[in-house]
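Dear colleague,

Please find below the structure I promised to hand over. My notes on its aromatic contacts and on one helix packing follow it.

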Amino acid sequence: MLPKLFPEGVIFRDQSTISLSIPQIKCLLSHLVLGSLQRHLDWRETYTASLYYATVLLYYLSLDIDQTDRCVTCSLHSTAPSHWDQLPGEFPPADTFKGTIEDNPCGNKVVFSNKYFGQGPGGTQEELIFGSYPEACVFPLFFSRPLKDPEVVLISHVLRVAKYSGYGKDVGFKCFLDPLAESHTLLLMDALEVDMFGDKMDEFNLENINRELNKCFCGFSQFTGGVVATGKWGCGAFGGNFDLKKRIQQFAAQRANVNLVFCHL
């Protein structure tokens, strides 16, 4: 099917924007499952293997997905770095949601990504979201370089097809969802890897705070006037301080004219 769906060939190179039809996505997903693509993480070596394989299989079996002319788009965005004034002492009360970002009804969702974004072996939030949105799994094939500062990636018109249970080593497939309920936009933002710092207090250096502010502003400014669901960005595997990261997100969202919903699972 590759020659038919990609008559000019599949060019796996870094691209700023790429849109794929559903048949093209299904074709690439089949090669990911079979391990027949060179630029590919072997799912069998991940804690999330059961989630990835189950969602892709159920995605294939959902015939309704084929009855659409929807395309999924992955795009790279950047803004010029800027210097920020002192963080304000207070912010208006933020909306909160007791649940995961995926379960929140807001259609714009922050993914706590690695600078090399995509599915991975550890069962982190990013990897669980990619397992829940199998269409997103094909796009790291076209973006091999790390994200720069400040750059973010959007994956638009993507469907969530499954729920998972657990986290990390305890991840498992939970249930299948109606994939045609609503498409979402995933905002992939990589935070500083504080767990790699020699001194975790370095996270509070002005240079590092400015880096995180620019990253968040770049992401949130893609949704000016809208709402974005987020949470403990950079505070899980990367070991960031939640109070600081929350204030950074609030400040950047305020400047970008975006309302945030903080999800607490």
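**Aromatic pairs and helix packing**

Phe-117 counts as buried, at 5% relative accessibility. Please bear in mind that the model is a predicted one.

The ring of Phe-117 is paired with that of Phe-143: the centres are 5.8 Å apart and the planes stand at 55 degrees, so the pair is tilted. An edge-to-face label would have required an angle over 60 degrees. Phe-117 is in the loop between strand S4 (108-113) and helix H4 (125-132), while Phe-143 is in the loop between H4 and strand S5 (151-159); the pair therefore ties together parts 26 residues apart in sequence. Phe-143 is buried as well, its relative accessible area being 9%.

In total, the structure holds three aromatic pairs. Another of them joins Trp-84 and Phe-217, whose ring centres are 5.9 Å apart and whose planes are at 75 degrees, so this pair is edge-to-face. Since Trp-84 belongs to the loop between strand S2 (71-78) and strand S3 (95-97), and Phe-217 to helix H5 (residues 206-220), the pair ties together parts that are 133 residues apart in sequence. Trp-84 is buried, with a relative accessible area of 8%, whereas Phe-217 is partly exposed, with a value of 21%. Ring pairs also bring in Phe-251, linking Trp-84, Phe-217 and Phe-251 into a cluster.

Two charged side chains lie over aromatic faces. Arg-255 is placed over the face of Phe-251, at 5.8 Å from the ring centre. Lys-246 lies over the face of Phe-262, and here the distance to the ring centre is 5.1 Å.

I turn now to the helix packing. Two packed helices are described by the angle between their axes and the distance between the axes. H5 and helix H6 (residues 242-256) pack at an angle of about 45 degrees, with axes 8 Å apart. That angle makes H5 oblique to H6, and H5 passes H6 in a right-handed crossing. On the H5 side, the contact is made by Ile-209, Glu-212, Leu-213, Cys-216, Phe-217 and Phe-220. H6 contributes Leu-244, Lys-245, Ile-248, Gln-249, Phe-251, Ala-252, Ala-253, Arg-255 and Ala-256.

The two topics meet in particular residues. Phe-217 and Phe-251, both members of the ring cluster, are among the residues that make the contact between H5 and H6. Arg-255, which lies over the face of Phe-251, is also one of the contact residues of H6.

With kind regards

How values were computed. Residues numbered from 1 in each chain as written. Predicted model: local features only at pLDDT ≥ 70, side-chain atom pairs only at ≥ 80, totals over all residues. Heavy atoms only, no water. Phe/Tyr/Trp six-rings, centres within 6.5 Å; stacked < 30°, edge-to-face > 60°. Helix = DSSP H or I, 4+ residues; strand = E, 2+ residues; numbered from the N terminus. Buried < 20%, exposed > 50% of the residue type's maximum accessible area, 1.4 Å probe, protein only. Lys NZ or Arg CZ within 6 Å of the ring centre and 35° of its normal. Axes fitted to C-alpha atoms, helices over the stretch in contact; angles between N-to-C directions. Parallel < 35°, antiparallel > 145°, perpendicular 65-115°, else oblique. Left-handed = near helix turned anticlockwise from the far one by under 90°. Contact = heavy atoms within 4.5 Å.
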